[in-house]
Amino acid sequence: MKSDRPKVLVSAYACHPRPASAHFPGEAILGWSLVDEISRFADVDLITWAFNRSGLEGSFARAEGRAPEVHFVDLPARAHRALRDRHYGVRFYYFLWQRQAARTARALFAEKSHDLFHQITFSNDWMPSFIAPALPVPFVWGPVGGGQKVPRELMPALARRDRRQERSRTFLQNVWRATPARLRCARKASAILVCNRETRAVLSRWEDKIVDFPVNGIGREAIAAGAPPASGDGFRVLYVGRFDPIKGLPLALEALRILRALAPAATLELVGEGPERPRLEALAARLGLAGNLVWTPWSQRSEILDKMRRSDVFLFPSLRDGGGAVVVEAMASGLPVVCLDVGGPGFHVREGLGMKVRPGAAGAAGTLGAAGAAAGRSAGGSAPGRMECRSKAVISTGFPLSKTRKSLRSRSRTGRPFLSTTATWMSLRTTLSSYRRGRAISCSAGPAVWPREGSRSATRATEARAKAARAAARRRPPLNPSPAGP
């Protein structure tokens with residue numbers, strides 16, 4: 001009996017359930033969460049980087065649905081060693097990885113004839129998918145970032161070398177955006193999921209395909225009510241993320257210096273790792289903040305969420321973060337957020353959930369410090385106040401992921417700008433079923449026109465499927481092979 005579950009091919013280069021073990025923690029947990037959610041109602045073939053093998057094996061086991069079938073793709077170890085420490089080396093390695101993954105995708109499609117292809121990570125508006133054009137099926141692209149850049153007012157917060165790299169990044173992005181491969185990718189996409197305002201503006205040419213999609217990687221089970229902050233004079237500020245120049249952590253230290261005048265016992269806990277730590281330690285010593293900092297290496301996700309429930313303010317001064325999933329996790333945990341009004345964090349934070357500082361505000365660090373104190377006082381650390389903040393976060397960002405079928409259908413009909421992962425995929429599944437019948441349809445996940453029966457695109461898709469089936473049949477061994485001769 002043929003299953004009515006759609007067959008979905010997913011590419012998620014960064015996909016890992018444990019941020020502490022991942023190369024790209026935010027992207028990795030997002031990729032894993034979306035793949036896990038999609039596989040609840042679709043048969044998923046996942047193509048991912050071989051580095052994720054240790055984390056993915058056994059991580060998708062569940063009672064409902066079929067666990068994704070994972071296919072690992074890797075490049076020679078010497079390529080990773082040569083590129084990992086170079087500026088843009090990671091992106092070039094990903095470009096090479098995509099070319100190899102495209103071969104795997106074509107072989108899988110020839111065998112299984114998937115109904116849809118979704119590229120989750122990495123997804124940038126300027127880096128095209130080299131897998132999608134090779135497959136004659138609808139293509140979902142995203143969540144897509146990349147349109148954000150460091151505001152001019154905040155460039156002095158970077159070292160001279162980092163400023164040069166930012167300018168070269170912008171130049172190279174514009175070059176990539178003009179390439180035929182990137183234009184072909186955008187035209188091929190049936191739905192483009194974007195996670196910040198800047199990227200939406202860059203992709204405005206394809207406005208009819210765009211869906212505002214928060215980078216959600218958290219479910220109801222992860223935001224169970226925890227203990228409120230312990231009473232006392234301490235004021236706990238939390239940061240979670242890599243220690244990279246682009247994260248704006250010097251602004252956080254300057255904000256802590258100003259905040260300490262208002263709350264002398266204030267502490268800032270920095271959870272993560274990265275190349276900027278020596279520079280940050282030296283800056284903290286110059287500012288006299290060494291005793292107010294707590295350095296914590298990457299922890300298990302459950303431990304990080306527990307820290308969020310026990311802190312007073314989440315400070316995230318990133319200068320151009322495309323998604324900022326950790327900001328959503330903080331809000332869902334009932335923790336008020338203080339961030340710059342740029343990129344993904346500025347896109348996600350709503351009134352009542354935290355405070356956003358405009359990049360052009362005079363004395364951004366001082367404003368961050370004052371906003372941190374105000375956000376902490378507004379939350380009060382009380383259980384009712386934190387629960388109210390948590391409920392607002394859930395409503396604003398379309399969380400948690402798990403919803404009832406009835407709720408999903410009602411959300412899909414209303415076409416709200418913020419859809420949960422499940423709601424978006426439910427509407428895409430509705431579209432997919434119509435695609436199978438050869439009808440054109442628009443769905444709440446973005447208007448998408450599918451091939452009509454008898455049209456040129458439908459004919460090409462049919463011919464491609466037939467060709468793939470013939471190729472698979474030639475590779476398949478005969479059922480009753482003749483015995484070998486003497």
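Where does phenylalanine 122 lie? Select it in your viewer and you will find phenylalanine 122 in the loop between strand 4 (116–121) and strand 5 (139–144), where helices (H or I, at least four residues) and strands (E, at least two) are DSSP runs numbered from the N terminus. The model is a predicted one, in which local features need pLDDT of at least 70 and side-chain atom pairs count only at pLDDT 80 or more, while totals for chains, interfaces and linings use all residues. Residues are numbered from 1 along each chain as its sequence is written, and side-chain values use heavy atoms, with hydrogens and water left out.

Stay at phenylalanine 122 and display the backbone: the peptide bond that joins threonine 121 to phenylalanine 122 is cis, with omega at about -15°. Next select proline 143, which has its place in strand 5, and look at the cis peptide bond between glycine 142 and proline 143, where omega is about 15°.

Serine 113 is not a glycine, yet has a positive phi of about 50°. Most residues other than glycine have a negative phi, and most peptide bonds are trans.

Now select asparagine 52, in the loop between strand 2 (43–49) and helix 2 (53–56). Its relative accessibility is 3%, so asparagine 52 counts as buried (under 20% relative accessible area, with exposed meaning over 50% and partly exposed in between, for a 1.4 Å probe and protein chains only). Leaving aside residues up to four places away in sequence, asparagine 52 touches Tyr13, Ala14, Cys15, His16 and Phe72, contact meaning heavy atoms within 4.5 Å.

For the last stop, select helix 8 (residues 249–262) and helix 9 (residues 277–287), which pack at an angle of about 25° with their axes 10 Å apart; axes are lines fitted to C-alpha atoms, for helices over the stretch in contact, and angles run from 0 to 180 degrees between N-to-C directions. Helix 8 is therefore roughly parallel to helix 9 (angles under 35 degrees count as roughly parallel, over 145 as roughly antiparallel, 65 to 115 as roughly perpendicular and the rest as oblique). Show the side chains of Leu249, Pro250, Leu253, Glu254, Arg257 and Arg260 in helix 8, together with Arg279, Leu280, Leu283, Ala284 and Leu287 in helix 9, as these residues make the contact. Colour helix 8 by burial as well, and its buried residues are found to include Leu249, Pro250 and Leu253.

How values were computed. Expected span 1.5 Å × (residues − 1).
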